[in-house]
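Please open the model in a viewer and keep the selection panel at hand.

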Amino acid sequence: TAVVTITVASPLRSDDQQRRQLTTNNEDEPPIEEQSLIAMQFTANPYAGRDKIEMIKSGEAKLASLRLTPDSLSEGNGRVYGTFCVFDDQLNKKDPAVYPTVDHMVQTSDHCNENRYTLPLDEVVEAVTSHDSGSIRSERLKKLPLSGMLFHQGFSGAGLIANALTTFDNTVVISEHSAIRDALNACDYIHNRFKSNACSTSKHQKLIEDVISLLSRSSDSNIEHMFLKLDSASSVYIPLLREIYPDAKWTFDYRKAEHVLAKSTELKRSTCVLKKRQPSSVMASQASEHNFVLEELSTHEVCALHLSTLVNVASQEHDSTGTGMLISYEDDLLKEDALIETILPYLGLQKEIDANPSMVRARVEDVLSTKTNLRGIHSQDVDSQWRNQESVHVSREVRAASQLFMQRV
């Protein structure tokens with residue numbers, strides 16, 4: 001493998017006055033930014049003269065995503081890289097239906113779209129930890145506790161809960177952040193993408209902790225609770241997250257088997273078919289246990305197996321530990337006052353509800369009247385009214401696959 005020397009013009013630390021040379025493996029490690037003809041076509045970077053690490057320390061630049069290499073989590077000297085940029089991560093407080101995930105907020109930023117930068121994550125974590133522990137109090141960012149985690153099958157109402165949580169003045173909801181997703185599935189990604197089992201359990205756990213720690217920093221003194229809404233596929237990692245955060249409340253939303261499979265296999269939504277070639281270790285184990293060959297399964301069958309795996313993991317964790325709340329979309333979430341009287345109090349917000357019940361009720365009712373998937377900044381003209389009397393078409397393929405793989409749901 002060729003080894004190349006890359007010269008980095010932008011300083012990584014404020015005390016670096018000279019150019020720094022990094023030796024990287026050009027097949028395994030992502031390049032640290034180089035000026036290119038393509039880059040020159042973008043708008044000028046308004047932060048070009050700023051110190052990157054200092055921007056992260058102050059909270060101005062935020063973690064947007066991760067980049068992994070084959071040896072990122074090996075027992076050797078592999079590294080994980082983080083991409084950082086400046087974006088407004090509070091847009092979902094203003095309009096959670098239009099900005100339902102972190103990626104939708106990132107997309108509104110020219111800096112993220114054109115000028116984000118890549119740094120070794122361990123260097124960033126070390127710098128931020130030193131800053132937060134040693135700087136004067138007025139310069140430190142508050143580190144929020146993880147109050148709760150929202151897991152789900154997809155299309156099962158977790159967005160309603162997340163949006164209801166954003167209506168409280170003292171909460172922040174980090175919804176489907178790609179860095180959390182990529183940290184959780186890092187070992188599975190390395191195995192599937194690079195055909196490697198070089199993934200240290202301790203380094204994997206530390207990666208997850210580092211990512212969530214970076215995301216938990218806040219300059220808003222009013223915020224007291226941080227909630228994570230995970231993407232649906234991350235539900236297979238419930239035991240892993242609970243091992244790291246045993247005191248955090250967690251919920252899992254599920255739905256009638258035929259309906260969730262029908263919605264998950266619609267042409268514009270069928271991401272679960274990717275699990276045929278990129279299964280989690282849990283899903284691969286479940287397929288092997290029942291003598292299923294993933295490559296031989298149809299799209300509907302792969303998605304059904306994937307969805308059943310999510311429910312099985314959540315159910316087993318709930319039954320074996322006595323923790324968590326399993327929420328049926330049809331039987332629980334759609335009940336009148338279920339959010340205010342059961343779900344939000346379970347997630348630790350009873351005090352806030354009691355302080356102003358009429359205001360909380362009004363805000364939650366407003367959330368429940370609006371669709372949770374008004375995706376992105378061009379969705380203002382979309383019909384925003386949510387109607388719980390939804391008609392779901394169930395095909396013969398969906399019915400057959402759900403009966404074969406999802407009878408427990």
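**The parallel sheet**

Begin with the open sheet of 5 strands, whose order is β8-β10-β7-β11-β12 and whose pairing is parallel. Strands here are DSSP E runs of at least two residues, helices are H or I runs of at least four, and both are numbered from the N terminus; two strands pair if DSSP finds at least two bridges between them. The model is a predicted one, in which local features need pLDDT of at least 70 and side-chain atom pairs count only at pLDDT 80 or more, while totals for chains, interfaces and linings use all residues. Residues are numbered from 1 along each chain as its sequence is written, and side-chain values use heavy atoms, with hydrogens and water left out.

Select the edge strands β8 (171–175) and β12, each of which pairs on one side only. Neighbouring strands of this sheet are turned against each other by 20 degrees on average, direction ignored. Axes are lines fitted to C-alpha atoms, for helices over the stretch in contact, and angles run from 0 to 180 degrees between N-to-C directions.

Next, select β7 (residues 146–152) and β11 (residues 249–254), which pair in the parallel sense over 5 bridges. Gly148 has Lys249 in β11 as its bridge partner, and His152 stands opposite Asp253 in β11.

**The antiparallel sheet**

Move to the open sheet of 3 strands, with the order β3-β4-β5 and antiparallel pairing. β3 (62–67) and β5 (117–120) stand at the edges with a single partner strand each, so one side of each has no neighbour in the sheet.

Tyr81 stands opposite Pro120 in β5. Now show helix α6 (residues 121–134), which packs on the sheet and touches β3, β4 and β5; contact means heavy atoms within 4.5 Å. The direction of α6 makes about 80 degrees with that of β5.

Display the side chains of Cys85 and Cys112, which form a disulfide with sulfur atoms 2.0 Å apart. This pair links distant parts of the chain, as Cys85 lies in strand β4 and Cys112 in helix α5 (residues 110–114), 27 residues apart. The link of Cys85 and Cys112 is right-handed, with 90 degrees about the S-S bond. A disulfide is a pair of cysteine sulfur atoms within 2.5 Å, and by this rule the count comes to 3 disulfides.

**A helix pair**

How do helices α12 and α19 cross? Select α12 (residues 257–264) and α19 (residues 396–405): their axes come within 9 Å and cross at roughly 125 degrees. The two helices are therefore oblique to each other, where under 35 degrees counts as roughly parallel, over 145 as roughly antiparallel, 65 to 115 as roughly perpendicular and the rest as oblique. To inspect the contact, show Ala257, Glu258, Leu261 and Ala262 of α12 with Val398, Arg399, Ala401 and Ser402 of α19. By class, this contact has 5 nonpolar, 1 polar and 2 charged residues; Ala, Val, Leu, Ile, Met, Phe, Trp, Tyr, Cys and Pro count as nonpolar, Asp, Glu, Lys and Arg as charged, and the others, Gly among them, as polar.
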